[in-house]
Amino acid sequence: MNNPTSIGKILVTGGTGFLGAYIVTELVTKGYSVRAMHRQGAIPFFLPADIREKVEWYHCDVRDPLGLEDAMTGVDAVIHAAAKISFSAKEIGRASCRERV
């Protein structure tokens with residue numbers, strides 16, 4: 001992806017997350033057309049306004065196959081940066097928590 005004009009639009013899943021926001025910023029700075037997914041209402045405040053305004057924000061949960069299909073319509077590349085992160089012992093599993101101690 002060295003030439004922004006050779007690629008149309010890039011979809012970034014998890015565009016509001018820690019990693020995704022950095023990816024979005026880098027792509028926009030280099031001149032790429034970016035659509036970024038977010039599942040909550042707020043767009044990250046820590047992104048500079050000039051970056052936020054150049055992104056096509058798309059509300060969708062990565063676990064929704066029909067929403068993903070819509071999000072991917074008209075894009076030429078996908079960068080998957082979405083992930084489920086949890087520090088809850090319930091979600092991680094008690095055995096794995098004990099093994100880490």
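Student: Which residues does M37 touch, not counting residues up to four places away in sequence?

Tutor: A contact list shows what surrounds a residue once its chain neighbours are set aside. In this predicted model, M37 touches L11, V12, T13, G14, G15, T16, Y58, C60, D61, V62, L68 and A71. One of these, T16, is 21 residues from M37 in sequence, and the two C-alpha atoms are 7.4 Å apart in space.

Student: Is M37 buried or exposed?

Tutor: Read the relative accessibility against the cut-off: under 20% is buried. M37 has 2%, so M37 counts as buried.

Student: Which strand holds M37, and how many of the residues of that strand are buried?

Tutor: M37 is found in strand β2, residues 33–38. Five of the six residues of β2 are buried, so the strand is largely enclosed by the rest of the structure. H38 is also found in β2. With a relative accessibility of 8%, H38 counts as buried.

Student: What is H38 in contact with, leaving aside its neighbours within four places in sequence?

Tutor: The general idea first: in a regular strand the side chains alternate between the two faces of the sheet. As for the case here, the contacts of H38 are T16, I43, W57, Y58, H59 and C60. T16, Y58 and C60 are also among the residues that M37 touches.

Student: In which sense do β1 and β2 pair?

Tutor: Strand pairing is read from the bridges and their direction. β1, residues 9–13, pairs with β2 in the parallel sense, over four bridges. Within this pairing, L11 stands opposite R35 in β2.

Student: How many helices and strands does the chain have, and in what order do the elements run?

Tutor: There are five helices and four strands. Starting at the N terminus, the order is β-α-β-α-β-α-β-α-α. Of the 101 residues of the chain, 31% count as buried. Among contacts with a separation of 6 or more, 51% join residues 24 or more positions apart.

Student: What is the volume of the largest pocket, and which residues are closest to its centre?

Tutor: The largest pocket here has a volume of about 640 Å³. It is lined by 22 residues, and those closest to its centre are G14, T16, G17, R39 and A83. The elements giving two or more residues to this lining are α1 (18–29) and β2. The largest share, three residues, comes from α1.

Student: How many of the lining residues are nonpolar, polar and charged?

Tutor: By class, the lining of the largest pocket has 12 nonpolar, six polar and four charged residues.

Student: How many aromatic pairs does the structure hold, and what are their geometries?

Tutor: There are two aromatic pairs. For each, read the distance between ring centres and then the angle between planes; over 60 degrees counts as edge-to-face. The ring centres of F18 and Y22 are 5.4 Å apart and the planes lie at 70°, so this pair is edge-to-face. The pair formed by F45 and F46 is also edge-to-face, at 5.7 Å centre to centre and 85° between the planes.

Student: Where do F18 and Y22 lie relative to each other in the helix?

Tutor: F18 and Y22 are four residues apart in helix α1, so about one helical turn separates them.

Technical notes
Residues numbered from 1 in each chain as written. Predicted model: local features only at pLDDT ≥ 70, side-chain atom pairs only at ≥ 80, totals over all residues. Heavy atoms only, no water. Buried < 20%, exposed > 50% of the residue type's maximum accessible area, 1.4 Å probe, protein only. Contact = heavy atoms within 4.5 Å. 1 Å grid on protein atoms, 1.4 Å probe; cavity = no way out; pocket = protein on both sides within 12 Å on 5 of 7 lines; lining within 4 Å. Points joined across faces, edges and corners; volume = space filled by probe spheres on them. Nonpolar A, V, L, I, M, F, W, Y, C, P; charged D, E, K, R; others polar. Phe/Tyr/Trp six-rings, centres within 6.5 Å; stacked < 30°, edge-to-face > 60°. Pairing = 2+ DSSP bridges.
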